[in-house]
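Dear colleague,

Please find the structure we discussed below. My notes on it follow directly after.

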Amino acid sequence: MKRLLNVHEAPIILFTILVTLLFSIISPDFLQFENIRLIVDQNISMFIVSIGMTMVILLGGMDLSVGSVLAVTATSVGLFLSYGIHPWLAAAMGICIGVLCGMVNGYFIAVRKIPDIIVTLATMYIFRGIAVGISGGTWMTNFPEGFRFFEQGYLLGISFPLLTAVILIAVFIYLMKFTRVGRRIYSIGGNGPAAKLAGISVARTKFKVYVLTGLLVGIASVIFAAKVGSVQASTAGSGLAFEVMAAVLIGGGSIFGGVGTIAGTMLGVLFMGIVKNGLIISKVSPFWVDAATGFLIILAIVINTLQRIRQNKGKEGDLV
């Protein structure tokens, strides 16, 4: 039992179970299969984007522009489709735009060494402005039937968006746990100067992380556009950056870097989805949903902080 409690994700697992039980008592419909499927389905894009945000925060950075990257990418895909471009090619071109946005962020942050909060705050407005500009301020609608595959399609009997998310989560969990790139990300976030002295290229690693984040947002934007069926450049992805950062912190990540896991973040996203869905299905006024969600976020972070303090004390005791 003690070993289970020392697992990094233990607090968020326990907290998610408790909240799930609470909502299932309040509303018998909460644990229905269709409702569980709805919770997962509504958060597919957030699952994918939060993978990239986890890596960024592990570096000790942040990316405020992910919502705007999603907007400009989804808007671009809608524009390509309106010109009659094949859905798969339009999706691929949109993902490339996401990568390009990541490269812009990575260049100024990693190469020019401008603080990430300044760069991504600027690009948040730039990318959003580009999205609104290329759309002419109008909705991107009337997507062709073939584009619906990215939302309704099935591969191996599994929903295409869910299968995509599961594959990406598995790939990046492996990347962070068992590859040199993952170890470098943790090293830089844990102690940047020491990582540099150890011969790790901090700039190159940071650049790669922001490019990968752009790639992930690009993939998420295609699924988002297909799922919603329309894109409004001025509002698409609004608030996404803060939601995924909250998910990382809820999942046990540290805003100072070096601490966190992809698995923990996925649990953080799931937790937020459960809270929002549970409050709505329990017929709580929508005006209180954000307040209640914020309170539970703070509570979950406090629990994670207390766990890390206890683990650090245990390590100090082992050294003595």
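The protein exposes about 15900 Å², of which carbon and sulfur atoms supply 69%. Please bear in mind that this is a predicted model.

As to the overall fold, the secondary structure consists of 15 helices and two strands. The radius of gyration is 20 Å, close to the 20 Å that the globule rule gives for 320 residues, so the protein is as compact as a globular protein of that length. Along its principal axes, the C-alpha trace spans about 70 × 55 × 40 Å.

Of the 320 residues, 49% are buried. Considering contacts between residues at least 6 apart in sequence, 78% join residues at least 24 apart. The charged side chains number 22 positive and 12 negative, with the centres of the two sets 13 Å apart.

Two residues deserve a separate note on backbone geometry. Most residues other than glycine have a negative phi. Leu156, although not a glycine, has a positive phi of about 55°. Leu156 is found in the loop between strand E1 (154–155) and strand E2 (158–159). With a relative accessibility of 81%, above the 50% cut-off, Leu156 counts as exposed.

Lys283 is likewise not a glycine and has a positive phi, of about 65°. The loop that holds Lys283 runs between helix H14 (262–281) and helix H15 (286–319). Because its relative accessibility is 77%, which is over 50%, Lys283 counts as exposed.

With kind regards

Key. Residues are numbered from 1 along each chain as its sequence is written. This is a predicted model: local features need pLDDT of at least 70, side-chain atom pairs count only at pLDDT 80 or more; totals for chains, interfaces and linings use all residues. Side-chain values use heavy atoms; hydrogens and water are left out. Helices (H or I, at least four residues) and strands (E, at least two) are DSSP runs, numbered from the N terminus. The radius of gyration is taken over C-alpha atoms; the globule rule is 2.2 Å times the number of residues to the power 0.38. Buried means under 20% relative accessible area, exposed over 50%, partly exposed in between (1.4 Å probe, protein chains only). Contact means heavy atoms within 4.5 Å. Accessible areas come from the Shrake-Rupley method with a 1.4 Å probe; for residues, only the protein chains shown count as cover. Lys and Arg count as positive and Asp and Glu as negative; His and the chain ends are not counted. The place of a charge is taken as NZ of Lys, CZ of Arg, CG of Asp or CD of Glu.
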